[in-house]
Amino acid sequence: RECFHRHYKREFFFVVAEEDGVPVGLFPLSFVPEDGVYVYFPGEVWHGKTWIEQNRLIARDQEVFDRMLEWMNSQGLRYHLRYLSPSPCVSPERFPVDEIGYLFHAANYSYDMEIYYSTFSRRSIKSIKKEVAAFEERGLDYRMEDIADLELLIQMNIERFGQDSYYADPRFTDSFRDLMGLLQKRGWLRMVTVLVEGKPAAADIGCVYNDVYTLLAGGTSAEFVGIAKVINLFHMKRSCQEKLSEADFLCGDFYWKTMFHLTPRPLYLISNTVESSPQGA
């Protein structure tokens with residue numbers, strides 16, 4: 001988060017609740033002046049929305065949590081807090097779902113891709129394997145942990161999405177470069193580039209921390225239609241090989257995530273700029 005903060009330079013506003021001088025709650029916020037709203041720190045807004053997922057509002061219990069929200073409302077603060085992880089204080093009974101994240105749990109398939117494949121219909125998995133085999137026949141290779149491929153990823157992403165790319169915003173791009181440097185320094189970086197006939201076809205960046213493999217960003221070449229299936233299956237195979245507890249493919253309503261039988265995980269929204277206040281409040 002600090003990698004993004006140093007480039008977005010948002011004014012941060014951390015709300016702390018104390019009891020007898022002891023902290024019992026923390027809401028780390030940042031102010032976005034162009035929207036006049038407080039968001040979750042560090043305020044890395046893209047197309048009017050923050051990007052970093054699994055945000056957490058910390059409170060000892062629901063009473064503390066609700067009093068902190070009440071205080072923010074009493075001060076006339078406008079807030080829009082997205083991608084909140086579920087907790088005893090943040091639940092579907094109290095707040096609306098913001099977006100759905102998608103997970104692959106290798107343990108559910110005994111870390112065996114053939115067992116995973118058996119969950120598909122015969123026709124579906126035959127079609128997927130046929131697409132992968134077609135790339136293998138053309139010459140399929142993988143380049144691992146080469147941080148220089150970040151620039152390749154950025155280029156492919158911008159070529160594919162233009163001004164809709166995250167990397168169309170130089171603040172986001174510079175933040176991501178710093179993040180990659182941090183992950184490499186800590187030994188958490190997972191970078192893979194797929195080569196077809198020696199040409200870069202797709203590149204993904206992820207990290208492994210606390211046995212969780214998080215896929216942070218990717219890019220594909222329009223020249224190689226269907227290559228996304230190859231690189232996504234690669235991540236699942238890696239999760240099985242390293243016996244990782246979870247591979248997080250993040251939010252985004254892309255059809256392949258449900259087609260590949262990923263496990264949905266809702267993230268929640270708390271906002272007084274839209275209808276999302278606690279029920280009964």
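In this predicted model, Arg-78 is partly exposed, with a relative accessible area of 40%. Arg-78 sits in the loop that runs between helix H2 (62-74) and strand E7 (80-84). Leaving aside residues up to four places away in sequence, Arg-78 touches Asp-35, Gly-36, Val-37, Tyr-38, Asn-272 and Thr-273. One of these partners is Gly-36. Arg-78 and Gly-36 are 42 residues apart along the chain, yet 7.3 Å separates their C-alpha atoms.

Another arginine, Arg-82, is placed against a ring. The charged end of Arg-82 sits over the ring of Tyr-83. The distance from the ring centre is 4.3 Å.

Rings also pair with one another. The structure holds 27 aromatic pairs. One of them joins Phe-120 and Phe-260 in an edge-to-face arrangement.

A second pair is formed by Tyr-142 and Phe-234. Their ring centres are 4.8 Å apart and their planes lie at 20°, so this pair is stacked. Planes under 30 degrees apart count as stacked. Tyr-142 is in strand E9 (residues 140-144), whereas Phe-234 is in helix H7 (residues 227-241), so the pair ties together parts 92 residues apart in sequence. The two residues fall into separate accessibility classes. Tyr-142 counts as partly exposed because its relative accessibility is 34%. Phe-234 counts as buried because its relative accessibility is 15%; the cut-off for buried is under 20%.

Ring pairs also build a cluster. Phe-120 and Phe-260 are among its members, and ring pairs link them with Phe-104, Tyr-109, Tyr-116, Tyr-117, Phe-249 and Trp-256.

Helix H7 also takes part in helix packing. Two packed helices are described by the angle between their axes and the distance between the axes. H4 and H7 pack at an angle of about 100°, and their axes are 9 Å apart. H4 is therefore roughly perpendicular to H7. On the H4 side, the contact is made by Ile-128, Glu-131, Val-132 and Phe-135. On the H7 side, Ile-227, Lys-229, Val-230 and Leu-233 make the contact. By class, the contact has 6 nonpolar and 2 charged residues, with no polar ones.

Note on methods
Residues are numbered from 1 along each chain as its sequence is written. This is a predicted model: local features need pLDDT of at least 70, side-chain atom pairs count only at pLDDT 80 or more; totals for chains, interfaces and linings use all residues. Side-chain values use heavy atoms; hydrogens and water are left out. Rings of Phe, Tyr and Trp (its six-membered ring) pair if their centres lie within 6.5 Å; planes under 30 degrees apart count as stacked, over 60 as edge-to-face and the rest as tilted. Helices (H or I, at least four residues) and strands (E, at least two) are DSSP runs, numbered from the N terminus. Buried means under 20% relative accessible area, exposed over 50%, partly exposed in between (1.4 Å probe, protein chains only). A charge sits over a ring if NZ of Lys or CZ of Arg is within 6 Å of the ring centre and within 35 degrees of the ring normal. Axes are lines fitted to C-alpha atoms, for helices over the stretch in contact, and angles run from 0 to 180 degrees between N-to-C directions. Angles under 35 degrees count as roughly parallel, over 145 as roughly antiparallel, 65 to 115 as roughly perpendicular and the rest as oblique. Contact means heavy atoms within 4.5 Å. Ala, Val, Leu, Ile, Met, Phe, Trp, Tyr, Cys and Pro count as nonpolar, Asp, Glu, Lys and Arg as charged, and the others, Gly among them, as polar.
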